[in-house]
2 protein chains.
Amino acid sequence: MGLTKTNKFTKEQNELARLAKALGHPARIAIIEHLTKAQSCICGDIVKELPLSQSTVSQHLKELKSVGLIKGTIEGPSVCYCINNEVWLVAKVQFEGLFASLKSAENCC
Amino acid sequence: MGLTKTNKFTKEQNELARLAKALGHPARIAIIEHLTKAQSCICGDIVKELPLSQSTVSQHLKELKSVGLIKGTIEGPSVCYCINNEVWLVAKVQFEGLFASLKSAENCC
DNA sequence: CTAATCTATCGTAATAATACGATTGTAAAA
DNA sequence: TTTTACAATCGTATTATTACGATAGATTAG
């Protein structure tokens, strides 16, 4: 099968899973870290920083863009990528909610 | 290829990606949500709650266990699953760190 | 216009993930 | 001991992911 049964879960569960999945690769973590820390966000710079080929980096950028965590705008001959603040905030809230929901009391096992 | 180049990234990036990846499926989000909210954590109850077969749920539990987010202890004929507080805290801190690192100032694009 | 540069996409190969039924392994109950 | 119940694992089919080289598209430079 190999096909996630998205329709069997809530919209919120799917959304959080989608965000988590997008962060589920070290290259994409590295991209996000770069974009949150550095001022520069030219695609070429990201490619230079990562130990992966240009096409592979482009693929990772596309995935992050597809979940909305980043956005890219054409800037002359190159593309400027940066964090999409709106979605970033939503992700932050959702993850915080997940982590906050644990009753820090004693576990049952 | 299809093989993540783990060795090219930092330990921290790989660890965070590993945690995110484990949360990157709605069934596993549902499991985590159940374990953080409910007191009961018997494997059978989780299976009943999820719209997936017993073997598939077992596989998801195994993945969550392999990254350390949950732990399971045998309790008579059944198994009691719960959040692993130590790893949970590490994950919480790591995600918070990622989300906190964004300079909320104006973006470049 | 042409050449150079930058990035996205295509094609493809290798590997991982998702899901289920069937089976196996444990532990309590009869 | 034998049955019953619960959960893990095996086998397998389908789909997704990761990665790269090659190519295409778009934009600036000459």
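**View 1. Aromatic pairs of the predicted model.** Counted over all chains, this predicted model contains 5 aromatic pairs. One of them brings together Phe95(A) and Phe95(B). Their ring centres lie 4.8 Å apart, with the planes at 15°. Planes under 30 degrees apart count as stacked, so this pair is stacked.

**View 2. The Phe95 pair and its helices.** Phe95(A) sits in helix H5 of chain A, residues 85-100. Phe95(B) sits in helix H5 of chain B, also residues 85-100. The pair therefore joins two chains. Phe95(A) has a relative accessibility of 2% and counts as buried. Phe95(B) is buried too, with a relative accessible area of 2%.

**View 3. Phe95(A) with Phe99(B).** These two residues form a tilted aromatic pair. The distance is 5.6 Å centre to centre, and the angle between the planes is 35°. Phe95(A) belongs to helix H5 of chain A and Phe99(B) to helix H5 of chain B, so this pair also joins two chains. Phe99(B) counts as buried at 7% relative accessibility.

**View 4. The aromatic cluster.** Trp88(A), Phe95(A) and Phe99(A) form one aromatic cluster with Trp88(B), Phe95(B) and Phe99(B).

**View 5. Chain A and chain B superposed.** A rotation of 180° places chain A on chain B, with 0.0 Å of shift along the axis and an RMSD of 0.0 Å. The two copies are thus related as by a two-fold rotation axis. Of the interface residues of chain A, 100% are also interface residues in chain B. The copies therefore meet through the same surface.

Definitions and conventions
Residues are numbered from 1 along each chain as its sequence is written. Chains are lettered from A and ligands numbered from 1 in the order in which they are written. This is a predicted model: local features need pLDDT of at least 70, side-chain atom pairs count only at pLDDT 80 or more; totals for chains, interfaces and linings use all residues. Side-chain values use heavy atoms; hydrogens and water are left out. Copies are superposed by least squares on the C-alpha atoms of residues with pLDDT of at least 70 in both. Contact means heavy atoms within 4.5 Å. Rings of Phe, Tyr and Trp (its six-membered ring) pair if their centres lie within 6.5 Å; planes under 30 degrees apart count as stacked, over 60 as edge-to-face and the rest as tilted. Helices (H or I, at least four residues) and strands (E, at least two) are DSSP runs, numbered from the N terminus. Buried means under 20% relative accessible area, exposed over 50%, partly exposed in between (1.4 Å probe, protein chains only).
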